[in-house]
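Please read the following report alongside the sequence and the model.

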Amino acid sequence: MEEFKGQPRLPKFAVPKRYDIRLTPDLTSCKFGGSVAIDVDVVGDTKFIVLNAADLTINNRSVSFTNKASSKALEPTKVELVEADEILVLEFAETLPTGMGVLAIGFEGVLNDKMKGFYRSSYEHNGEKKNMAVTQFEPADARRCFPCWDEPACKATFKITLDVPSELVALSNMPVIDEKVDGNMKTVSYQESPIMSTYLVAVVIGLFDYVEDHTSDGIKVRAYCQVGKANQGKFALNVAVKTLELYKEYFAVPYSLPKLDMIAIPDFAAGAMENYGLVTYRETALLYDDQHSAAANKQRVATVVAHELAHQWFGNLVTMEWWTHLWLNEGFATWVSYLAADSLFPEWKIWTQFLDECTEGLRLDGLAESHPIEVVVNHTGEIDEIFDAISYRKGASVIRMLQSYLGAECFQRSLASYIQKYACSNAKTEDLWAALEEGSGEPVNKLMNSWTKQKGYPVISVKVKEEKLELEQSQFLSSGSPGDGQWIVPITLCCGSYDVCKNFLLYNKSDSFDIKELLGCSISKEGDNGGWIKLNVNQTGFYRVKYDKDLAARLGYAIEKKQLSETDRFGILDDHFALCMACQQTLTSLLTLMASYREETEYTVLSNLITISYKIGRIAADARPELLDYLKQFFISLFQNSAEKLGWDSKPGESHLDALLRGEIFTALALLGHKETLNEASKRFHAFLADRTTPLLPPDIRKAAYVAVMQKVSASDRSGYESLLRVYRETDLSQEKTRILSSLASCPDVNIVLEVLNFLLSSEVRSQDAVYGLAVSIEGCETAWKWLKDNWDHISKTWGSGFLITRFISSIVSPFASYEKVREVEEFFSSRCKPYIARTLRQSIERVQINAKWVESIRNEGHLAEAVKELAYGNY
């Protein structure tokens with residue numbers, strides 16, 4: 001018995017082939033009963049059967065194993081549920097006969113409120129509060145619903161039967177084949193599933209409406225929503241049908257189930273979950289309301305739907321062998337969702353927006369406390385924490401880098417052959433590299449191992465010396481410390497125009513090239529700004545670039561003269577900001593570069609400019625508070641040009657990107673305290689309070705107005721805050737609620753901030769949504785930290801071991817910028833650290849140390865004050 005405890009994986013002497021599951025949930029008492037009969041192949045000599053189970057009560061007398069050949073039922077002599085390891089160990093008197101047998105188990109459980117396993121979610125119907133029953137099994141929570149081999153490689157088929165109240169809708173992965181009504185109960189049986197992993201099994205029971213459509217090859221697609229909200233599912237339904245058609249072509253394999261249901265769940269921890277044939281979503285990721293959803297909501301729905309449907313191939317049909325390869329699922333689904341969105345909505349310029357994903361990946365991977373894309377997982381408790389920007393965003397970014405290196409067609413061909421080869425089975429990262437290597441003839445395995453098996457990424461330093469271009473790679477760390485990683489880097493570069501583009505692999509630490517030979521151009525002496533060199537053309541590579549002073553000045557000039565693509569303008573800015581934070585470039589040089597973007601009109605570039613201005617503002621508040629007003633003045637001057645062009649009101653036929661930009665620009669101006677913006681926002685907000693359908697406050701600018709209103713709220717003038725709470729209480733649209741929650745704590749009055757934080761813990765805020773309210777003003781940071789400490793016991797009890805709890809730590813701890821705070825945080829968590837928050841805590845502390853070092857560097861920077869004042873008054 002002891003040898004099974006403390007092991008990361010289950011023993012391999014018995015293999016499940018088929019599950020016959022029956023569940024009877026009681027939505028009033030929030031309990032469920034169930035039974036499972038598992039066809040098991042006993043492949044080794046053993047007296048034991050070991051499988052996963054957690055939070056279940058096993059009915060010991062119901063447990064038996066019947067060998068198919070002899071039909072003899074064996075009862076275990078010992079049944080032990082080891083809660084610490086989430087395993088159920090069954091010991092038999094004699095060695096089990098090898099070959100096929102049936103393991104039968106009866107059990108009971110609780111419909112929990114933790115948004116994992118088999119859980120309950122609440123909704124209102126005709127003014128009455130009701131429960132629905134929902135499953136969320138990824139990564140390792142199927143074991144909370146029925147005993148099973150809860151590992152992705154243990155694929156089996158599933159036959160599911162549900163006993164539920166007859167008025168309810170009951171959904172599972174497969175279509176219904178039989179429904180028997182008996183009084184006020186009914187028994188619903190579903191078609192047996194194809195072979196799949198336990199984490200993809202799904203059941204949803206409640207009251208729903210739906211909208212329906214079909215693909216060209218007859219797949220029935222439905223979007224289920226709460227009763228009365230069916231219209232809000234139409235946009236997602238439309239995206240889903242088109243996306244299924246697109247993926248069928250792209251992967252050269254049709255969708256493998258007879259139907260696809262998508263359903264909005266009011267309480268849902270993640271964004272969505274790709275259960276085979278029954279995809280579950282948070283309401284904000286599936287529902288779109290023409291009247292009250294913003295352009296950003298529309299884009300979110302489209303990309304999330306495309307992401308989850310990509311999983312139906314990449315993850316569900318071909319599944320990772322173990323959680324170490326999670327990134328194969330998530331990185332790929334993220335990358336492919338952009339491919340789909342770009343095909344459906346080319347006007348969104350979604351590949352330019354992809355740079356936001358890339359930047360998030362670079363930001364996390366610049367920490368010493370990052371982790372490789374492929375991470376060894378020894379305990380299921382460690383899995384939640386790797387659903388992060390490395391698996392999703394760095395994963396997607398290195399796939400994009402590889403695709404742009406190999407070429408789109410070759411990449412697609414090789415991918416299709418990989419899916420065909422591993423369909424209905426499991427694969428490792430190496431299997432994908434092998435398929436791409438075979439299809440391209442390139443050393444994909446060697447190249448990509450340097451990106452997936454070690455953490456971090458390089459910064460390429462570029463300088464020109466006597467007509468030679470010198471490149472040197474070193475590991476980039478946001479702390480400015482040296483790292484010892486080395487990569488095989490796909491270098492792309494162009495000189496003076498995009499007509500001549502070179503690409504090659506940089507294998508060594510450094511290399512030098514004759515510019516004329518390499519690029520056919522020459523870089524003339526200083527003072528002539530005509531020639532420029534840009535590395536990492538269009539930012540397809542996952543690395544940063546540091547230019548020497550002369551090359552950097554030439555690029556600044558090229559930006560002003562609009563000679564560079566928007567992706568390259570984004571990259572130059574983002575790299576310079578990262579180098580500045582790492583104390584490898586001065587703040588003066590960064591601000592001077594930012595001034596080159598006065599005329600910028602592109603959404604993604606401006607959006608990053610806004611993000612960077614927020615971060616500089618936060619650091620300056622600690623480092624040089626006396627310069628803060630001048631900095632704000634400079635930032636306002638950067639954004640005013642766009643704000644004036646866009647105006648508050650949308651124009652007929654304007655682009656999706658303008659709608660996105662309007663919201664972000666006015667939110668930025670509000671946070672910078674721009675008087676005209678604050679006054680206009682207040683006027684429009686009051687019109688909205690009087691009439692919720694007023695054209696003066698459409699969804700795209702509501703967040704900006706809410707933030708502006710909160711800038712004027714104080715303990716002595718609470719009216720704006722009270723009004724926003726009233727709107728929050730009256731709306732039943734999740735997007736509106738989260739829009740309000742994410743604005744409230746931007747208030748500069750710390751008393752109000754504390755009230756907002758306490759409101760997040762009240763029953764008025766669903767626990768999935770509390771993290772939206774943690775975006776606290778500079779003034780409120782200290783208050784938020786004290787609040788976190790005072791409420792930590794309650795928070796850790798409520799959010800438990802899910803990934804949402806990590807947001808409390810990262811949102812509240814990361815903005816600090818002093819070594820003293822590092823000591824405080826370490827001291828507080830020294831007795832409170834759990835495995836599922838350990839990585840986030842270390843990363844947040846590292847961010848505080850990086851900020852503290854940056855603050856010191858800015859304090860010691862000469863001539864900064866003059867530069868900032870000059871920029872503030874527009875003398876540049």
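The sections below begin with how the model is to be read and then turn to its parts.

## Basis of the description

The model is predicted, so to speak of local features a pLDDT of at least 70 is required, side-chain atom pairs count only at pLDDT 80 or more, and totals for chains, interfaces and linings use all residues. Residues are numbered from 1 along each chain as its sequence is written, and side-chain values use heavy atoms, with hydrogens and water left out.

Helices (H or I, at least four residues) and strands (E, at least two) are DSSP runs numbered from the N terminus, and two strands pair if DSSP finds at least two bridges between them. Strand β16, residues 209-214, runs antiparallel to strand β17, residues 220-225, and six bridges join them. D209 stands opposite C225 in β17. Five residues lie between the two strands of this hairpin, where G218 takes a positive phi near 85 degrees.

Four strands form an open sheet with mixed pairing, in the order β27-β24-β23-β29. Its edge strands, each pairing on one side only, are β27 (510-514) and β29 (544-547). On average, neighbouring strands of the sheet are turned by 20 degrees against each other, direction ignored; axes here are lines fitted to C-alpha atoms, for helices over the stretch in contact, and angles run from 0 to 180 degrees between N-to-C directions.

Within the sheet, β23 (residues 458-465) and β24 (residues 468-475) run antiparallel and are joined by eight bridges, and V462 has L471 in β24 as its bridge partner. Helix α12, residues 566-581, packs on the sheet and touches β23 and β29, its direction making about 80 degrees with that of β29; contact means heavy atoms within 4.5 Å.

A cavity is a set of points, on a 1 Å grid over the protein atoms alone, where a 1.4 Å probe fits but cannot get out, and lining residues have an atom within 4 Å of a point. Grid points are joined across faces, edges and corners, and a volume is the space filled by probe spheres set on the points. By this rule there are four cavities of 30 Å³ or more.

The largest cavity holds about 60 Å³ of space, and its lining includes L355, C358, F570 and D574. Helices α5 (350-365) and α12 each supply at least two residues of this lining. The second largest cavity has a volume of about 50 Å³, and among the residues that line it are T215, D217, Y255 and W313.

Key. On a 1 Å grid over the protein atoms alone, a cavity is a set of points where a 1.4 Å probe fits but cannot get out, and a pocket is an open set with protein on both sides within 12 Å along at least five of seven lines; lining residues have an atom within 4 Å of a point.
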